[in-house]
Amino acid sequence: MIGSLRVRLPLVFLAGIVLAGLITTLIAVRLFQDYAHDQALSSLNREAHGIGTLYSNAVRASYGNRSGDRQAPTFAADNLEQATGDKIYWIGPEPFPGQHVTGLKHLPAKTIDWQSGRSLSFELTPPGTHRKYLAVANPIFLGTQAIGAIVVATPKTSVRHRVALLIQRLTIAGALGLLVAGLLAWYLSRRIVRPLLQLSDAADEVAAGNYAVAVPKRAPGELGHLSERFNEMTERLAEVETMERNFLMSVSHELRTPLTAIRGHVSALLEGVVAEPDLRQASLETVEAEASRLERLVGDILDLAKLDTHRFTVTREEVDMGALVDQAYETYRDEARRRRIEYRRDADGRPVIISDGDRVLQVVGNLISNAFQATPDGGSVSLELAQRNGSVHVAVEDSGPGIPPEKRERLFRPFISESGGGTGLGLAIAKELSAALGGRIELSSEVGRGSRFELVLPA
């Protein structure tokens, strides 16, 4: 269960949110701690300055008394502590001989350098207590000489209390945010994982050999794109399996036919059934023809193995295209007994190109053979050679049923044979060879009126 993507995905989301929340909380607490400390010092500074001003005025008034009777201030320090909520202390000698500064507790003179005449902030632990205080000392002047200092102090626990209160509120907010984020992560993970689980189940079906599966295409973004590509993949896999099955059946049939003929004629020759010289010669010619047929079939299969790797070997030589097309025409001239074959070429119909003559002849032969397979008895096949616009064109046109637009692209794939005969390798090999020769094959067709395949090679 833990290893499931449906569980791990929201856990990863939540872990990221928790980590981000912890980092944010630590930064916020640190900033607030510094802020609270600064605010406390600022408040202590104001209070120390105000109280120090009161005592400074009282000291100046007392020392300026003509009677020489120095009286301590009449306002009570207890009242000041109640008003401010802070502790008030005195550091330094008694400014009023024989009298204590009203209600002020004394701190040891060595607590700070009160004679510097500067306002100071520091931490202290007052005598008789164990608590840490944050304190500010404000000097008391008589003329230009510091005679002591008023110290206003507040417990550090008050600052910590504010920080603790902030942490408590952040914890509550974080828990609520985590709950909302968890629900959102659970919802999003279901939206994301559901199509992935469907893809996983579909992949298991495909692995088991069942290609009749489909996954929804309504998934968001990249998942929808992945679903579409997966459906296309299953369709292609089913098509490839069908093509392989057809290929095995076609190859088995194509191999069995010449092998059966060769075996029959060889057995008749060995058993002496065929004794007359003319019949023996005819049997040997049949064996040779069927062996050549087997050789062509094996050659097609070897060429097929090179289709995907583009490993066709191509030589460069001068090729007389007129002589080459003449040779292809003569090879299929016997087909004229059942189908009419026409041969046309331009007035300058013997162009010479630099290419591989054997491969060009193989492509032209494949196109002519394909045209004869598509043309019914009584139909016609035309062969045309022309040179124009810096290219040599060899066109083969048939009077067959034509090819619908939706089937034209797949016609050049291996194992596809619209006529139902052969292995379906000829056009696939012809297309790959034409590309290796630097040319291309163009197809134009009209349903019910035949097709035109045109080999275009650079001149």
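A: Gladly. A contact here means heavy atoms within 4.5 Å. Keep in mind that this is a predicted model.

Q: With that in hand, which residues does Ser434 touch, not counting residues up to four places away in sequence?

A: Ser434, which sits in helix 9, touches Val363, Gly439, Arg440, Ile441 and Leu455.

Q: Is Ser434 buried or exposed?

A: Buried means under 20% relative accessible area. Ser434 has 1% relative accessibility, so Ser434 counts as buried.

Q: What does Leu455 touch, leaving out residues up to four places away in sequence?

A: Its partners are Val360, Val363, Val364, Leu367, Val392, His393, Val394, Ser434, Arg440 and Ile441. Leu455 also belongs to the largest nonpolar core, which has 34 residues; Leu455 and Met321 touch the most other members.

Q: Which elements each supply at least two residues of this core?

A: They are helices 6, 7 and 9 together with strands 9, 10 and 12. Helix 7 gives the largest share, seven residues. A second, separate core holds 19 residues, including Trp90 and Leu134.

Q: And how should I read a pocket?

A: Rolling a probe the size of a water molecule over the atoms shows where empty space is left. In this model, the second largest pocket holds about 360 Å³ of space.

Q: What lines the second largest pocket?

A: Its lining has 17 residues, with Gly21, Leu22, Thr25, Leu170 and Gly174 nearest the centre. Helix 1 and helix 3 each supply at least two lining residues, and helix 1 has the largest share, nine. By type, the lining divides into eleven nonpolar, six polar and no charged residues.

Key. Residues numbered from 1 in each chain as written. Predicted model: local features only at pLDDT ≥ 70, side-chain atom pairs only at ≥ 80, totals over all residues. Heavy atoms only, no water. Core = buried A, V, L, I, M, F, W, Y, C linked by side-chain atoms within 4.5 Å. Buried < 20%, exposed > 50% of the residue type's maximum accessible area, 1.4 Å probe, protein only. Helix = DSSP H or I, 4+ residues; strand = E, 2+ residues; numbered from the N terminus. 1 Å grid on protein atoms, 1.4 Å probe; cavity = no way out; pocket = protein on both sides within 12 Å on 5 of 7 lines; lining within 4 Å. Points joined across faces, edges and corners; volume = space filled by probe spheres on them. Nonpolar A, V, L, I, M, F, W, Y, C, P; charged D, E, K, R; others polar.
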